[in-house]
Amino acid sequence: MNNRLKALRAQKGWSQQELADRLEVSRQSVNAIETGKYDPSLPLAFKIAKLFGMAIEAIFEVSE
Amino acid sequence: MGDEEGAMTSFWLKMLCGTETKASKAYTRRTAVTMSAYLLLVIGTTYVVRHLHVKGWLLYVCAVLPSLAIFKQLHVVAMYLREEGDEYLRQQAVQSILWAAAAVLGLTAFMDFLRSYTPYGTLPPFTVFVTFWLVYALAQLLQVRRNLVDADE
């Protein structure tokens, strides 16, 4: 799965740690999601979408 | 807990988990207690069997006692998996458990084969339990290392 998390975080000017704190997860989790090593669960994906005020499909997309 | 002891605990938590969470701190504390109990039970029962020449059903009781600590340690792991709110860290812990299980099952299968068809293949006492947790710790360390990122990224 591809995602725009890194770009969205950069737009907000947040570090990985700041984003992790807002999502109440570890910085490792944020890094793993950004680099595509880990696909978040649906609840976490909803949390990310809510934080950025976007729909899930605007942040995550299934890779071809 | 003193500052120095707290710093040492923090160091090991970062080494093994990469991230300190409330659940990982509780896991470390519970593991220290359970492992201490395991060591005391192994040393205690070994002493009793060797010096008091225990036989019969009491010997079975002595054999069972250390395994109670092993059950407790697996309960501690289950508690960690239930309490850890970070799903990625949970997944890492499960992966490490699988690596440890694979190592131990592979080792015992190999040694069983050797024991069946050669004069070799007997593992020293308590090897399996120690191997399991060593491989678990190693797998955790490798995962932490794999996830290291620059602080300002």
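I started with Arg30(B) and Glu83(B), whose side chains meet in a salt bridge at 3.0 Å, N to O. I count a salt bridge when a side-chain nitrogen of Lys or Arg is within 4 Å of a carboxyl oxygen of Asp or Glu. This pair links distant parts of the chain, 53 residues apart: Arg30(B) sits in helix H2 (residues 22-52) of chain B and Glu83(B) in helix H3 (residues 57-83) of chain B. Helices here are DSSP runs (H or I, at least four residues), numbered from the N terminus.

Note on the source: this is a predicted model, where local features need pLDDT of at least 70 and side-chain atom pairs count only at pLDDT 80 or more, while totals for chains, interfaces and linings use all residues. Residues are numbered from 1 along each chain as its sequence is written, chains are lettered from A and ligands numbered from 1 in the order written, and side-chain values use heavy atoms, without hydrogens and water.

Next I looked up accessibility for that pair. Arg30(B) is partly exposed at 23% relative accessible area, and Glu83(B) is partly exposed at 36%. My cut-offs: buried is under 20%, exposed is over 50%, partly exposed is in between (1.4 Å probe, protein chains only).

Then I checked Asp112(B), which bridges to Arg115(B) with the closest N and O atoms 3.0 Å apart. Both lie in helix H4 (residues 87-117) of chain B, three residues apart, about one turn of the helix. Asp112(B) is partly exposed at 36%, and so is Arg115(B) at 48%.

Last, I found Lys25(B) bridging to Glu20(B) at 3.8 Å. How many salt bridges are there over all chains? My search of the whole structure gave five.

Methods. Helix = DSSP H or I, 4+ residues; strand = E, 2+ residues; numbered from the N terminus.
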